[in-house]
Every structure is written in C-alpha cells, then in structure tokens.
Amino acid sequence: MVGRKVDLIIVGQGIAGSWLADELLSRGKEILVINYETKNTSSLKAAGLFNPITGKKMTKTWLADQVFPVLENRYQKLERTLNKKFLNPIPIYRPFNTAGEKNEWSTKVEETGYLNFVEKLVSQPIGYQHIQDELGGIILKRSGYVDLKSFLSSFRDYLIDKGVYKSEMFDYKALEFVSEKIKYKDIEAEKVIFCEGPNLDNPFFKELPFKLVRGEVMDIECGLAEDHIINRGVFMIPKNGYHTIGSTYDHKNLSFEPQPEGISNIKRRLSKLFTGPYRIKEKRAGIRPATFDRKPFIGLHHEIKTLGIFNGFGTKGVSLTPFFASNFVDFLEGKAKIETEADVQRVY
Ligand SMILES: Cc1cc2nc3c(=O)[nH]c(=O)nc-3n(C[C@H](O)[C@H](O)[C@H](O)COP(=O)(O)OP(=O)(O)OC[C@H]3O[C@@H](n4cnc5c(N)ncnc54)[C@H](O)[C@@H]3O)c2cc1C
C-alpha cells in the first residue's frame, strides 16, 4: 500500500541534506527528509568557518569564484525565510610567518584572482593583545562562520512545519525497486538521495573511496577583541564572548570523543599565535566525510538510477553545499552536468 508519494526522499539532515532539501523545495518538488538525530552529526561538531584563501601556502580555495557568491546569497535568503540569523561575515586576519611571505603578498595582492578576497595588507601589528604579529599580516574578506546549531535546528523546524521531516534511521532493507521508482515502507518516490555524512553503512555506495578524518575543536574564553577571525597555524573564531579554536586531522583514530593528543596539539599551535591566558569552555570531536581526492561524491548510482548521493564535503561543508545543491538539482532536472571533479561517476 502506498500512503504517500513524493519526488525525492533525502536521507540525512546535516548541512548537505539541508541545502539539498532547500534547493528542491524552492523548485517546487515534493520531498521527504528522513534523518537520524544524533549529537555525532558532523555539522554539529564543525567550527562553521568559511574561508576563501586557505592552506600553508595561502591559495584560493577550489572554485572560490563560483562558490562564495552563491554562499552569501543562499544563506542570507534562508535567514529571511526562517527569520533566524546564522551567517556571520567576519574578516580573517592572517599574520605573516616570515618576511619572505610578506614580500610575496605585496605583489600577489595585485593579481586579479585575489582582489575579490583580500581587504588589505598591514605591515605593522594591528594591536591585538597577546597576538604574535610582529610583521603585520593580510586581511581577507568574504569570510566568516555559520552558526550550524542554529542553522540545523531552525531548518529542521521549518521541515517539520511543512510536514516533510521524519526522525528515524533509514532502513536499507525496507527499500523496494518497483518499475523505475522506489518504495520505502509506504512511501513511493522517484529517487532516494543519500546525504549521510560520515556514516558509511550504506550498502549501495559502500565501494566509494571515502577517507574519513577525525578532528577536534575547543571553545575558549580568552578576552580577545572580536573584530577578526585570526588564523595562523590554528583559527580563532570569535563567537560572542568566546572563541572556537581548531582544528586537528586524524585518519586513524575515528572516535567521536576528543582525544588528549588532539587537544594538546591545538594548544601547542595556539601558543605560537596567542600568548595570553584562557579558560577552556568545551572540547569536541567529530568525523569529516572526506574522500580520496578531497572532492565530493555527487550524482546517481552507476547502475541503479533511482539512488543518488550528495556527500563527501570533507573540510568544506559550509561553503560547498549551497553551490553543489544547485548544481545537482540542475543535473536532476536535465539542465546541467555535475561539475566533473565532483561527479561520483569518476570513481566507477
Ligand atoms: C572538528 C571539525 C571541524 C570542522 N570545521 C569545519 C569548518 O569550520 N567549516 C566547514 O566548512 N566544515 C567543517 N567541518 C566539516 C563539516 O563538519 C562537514 O563538511 C559537514 O558537516 C558535512 O555535512 P553532512 O551533511 O555531509 O554530514 P553530517 O553533518 O554528518 O550529516 C549527516 C546526517 O545524516 C544522518 N544520517 C546518516 N545516516 C543516516 C541514515 N541511514 N538514516 C537516517 N539518517 C542518517 C546523520 O545522523 C546526520 O544527521 C568540520 C568537521 C569537524 C569534525
């Protein structure tokens, strides 16, 4: 017996499932989101940072020119729909490591590719107490953080109000394939899209080369002024009275609990940037759904075209998911190809 018909079932309501659901709803699709609620959801552990220029060498992040305009636009639009604030644009201050780095940036900043993301270079310390910035640094724009707890809970309430949310663990064994459609219990759907983050139990996508990475962050009270995210070796994100500091990367120990070595690692790196006293408020750890080539897995199953995946956003869920939700739905509607490097077909 079919009790309900929808266009798509989305499994998982982390940041990936949420953006996919929002994109589909905005295009008038009938959906149902099935989500298992757990404190281990990766998006609830994340620091929420979005940063256009990353890494030791400070290069523009993958697809920054396309991804960042969509990010700002979509989070602001959703804030208006939900009447909630979760997008916090804050410039990043990145103190220089060496005089060589400072020189390099004085010419690099003129390159057109960087103009969109660099506010200015400063050649003197900018006046933060206890911050080690003798050489000055670079100030980046179009960066900030998303309050993911507020984002996920207000979006879940929105889905509940629409009657399109079910809190349960998806049961793969209850899936039936009936004449080019899917039946899941009493629900009929055109497709099921899995947005399960680091849960790798899915029997339909178990061959995908995920490369999960555990990470720790800690929240500290340190009395530092809150005008910038400060980033060198670690990031310090000001969040109204406290700072989130992170993070670590561990492929071996995939525990959801913060480990003493991980926390000492953050403290050691923090001490090179910030030399003042602080109090640790909270420590947490989570697993990033990263992949072998650091690019997401997006698309349909290579044989069963009624199943799809929207996962593998690794360290960059906040910035990549709004852009790729739109790209994926364009693909589902036959209007576009999935960005080649993110297309799951690359691994089959
Ligand atoms: C310590 C740490 C810091 C991070 N910091 C940042 C950061 O600053 N910026 C950034 O962009 N990213 C950051 N990340 C990465 C970010 O967390 C991920 O990219 C993002 O959260 C992935 O979202 P997701 O929706 O794919 O997965 P998740 O958030 O894990 O969501 C998956 C959801 O699906 C549910 N689910 C899974 N399987 C099933 C099933 N079978 N049935 C029903 N429900 C199911 C889960 O319970 C969960 O609710 C960080 C990660 C960690 C661990």
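Trainee: Which helices and strands each supply at least two residues of the shell around the ligand?

Mentor: They are α1 (15-26), β2 (31-35), α2 (42-45), β15 (213-221), β19 (279-288) and α8 (317-332). Helices (H or I, at least four residues) and strands (E, at least two) are DSSP runs, numbered from the N terminus. Note that this is a predicted model: local features need pLDDT of at least 70, side-chain atom pairs count only at pLDDT 80 or more, and totals for chains, interfaces and linings use all residues. Residues are numbered from 1 along each chain as its sequence is written.

Trainee: Which of the 43 residues around the ligand come nearest?

Mentor: G12, G14, G197, G286 and G317. A residue is near a molecule if its C-beta atom, placed from the backbone, lies within 6 Å of it.

Trainee: Why does the ligand lie between domain 1 and domain 3?

Mentor: Because domain 1 (4-45 + 149-209 + 296-347) and domain 3 (213-288) both give residues to its shell. The bounds come from an automatic or database domain assignment.

Trainee: Why is I237 called buried?

Mentor: A residue is buried if 20 or more other C-beta atoms lie within 10 Å of its own, exposed if 12 or fewer, and partly exposed in between, with C-beta atoms placed from the backbone. I237 has 25, so it is buried. I237 is found in strand β17 (residues 234-238).

Trainee: What is I237 in contact with, leaving aside its neighbours within four places in sequence?

Mentor: A47, L49, Y145, I229, H243 and T244. Contact means C-beta atoms, placed from the backbone, within 7 Å.

Trainee: What span is expected of α3, and what does it reach?

Mentor: The expected span is 1.5 Å times one less than the number of residues. With 19 residues (64-82), α3 is expected to span 27 Å, and it reaches 26 Å from its first C-alpha to its last, which is close.

Trainee: Which residues of α3 are buried?

Mentor: A64, F68, L71, R74, Y75 and L78. They cover an arc of only 145° around the axis, so they are on the same side of α3. The arc is that of the directions from the helix axis to the C-beta atoms. On the other side of α3, D65, Q66, N73, Q76 and R80 are exposed.

Trainee: What puts the buried residues of α6 on the same side?

Mentor: In α6, L148, F151, L152, F155, Y158 and L159 are buried. Their arc is only 125° around the axis, so they share the same side of α6. An α-helix has 3.6 residues a turn, so residues three or four places apart point the same way.

Technical notes:
Contact = placed C-beta atoms within 7 Å.
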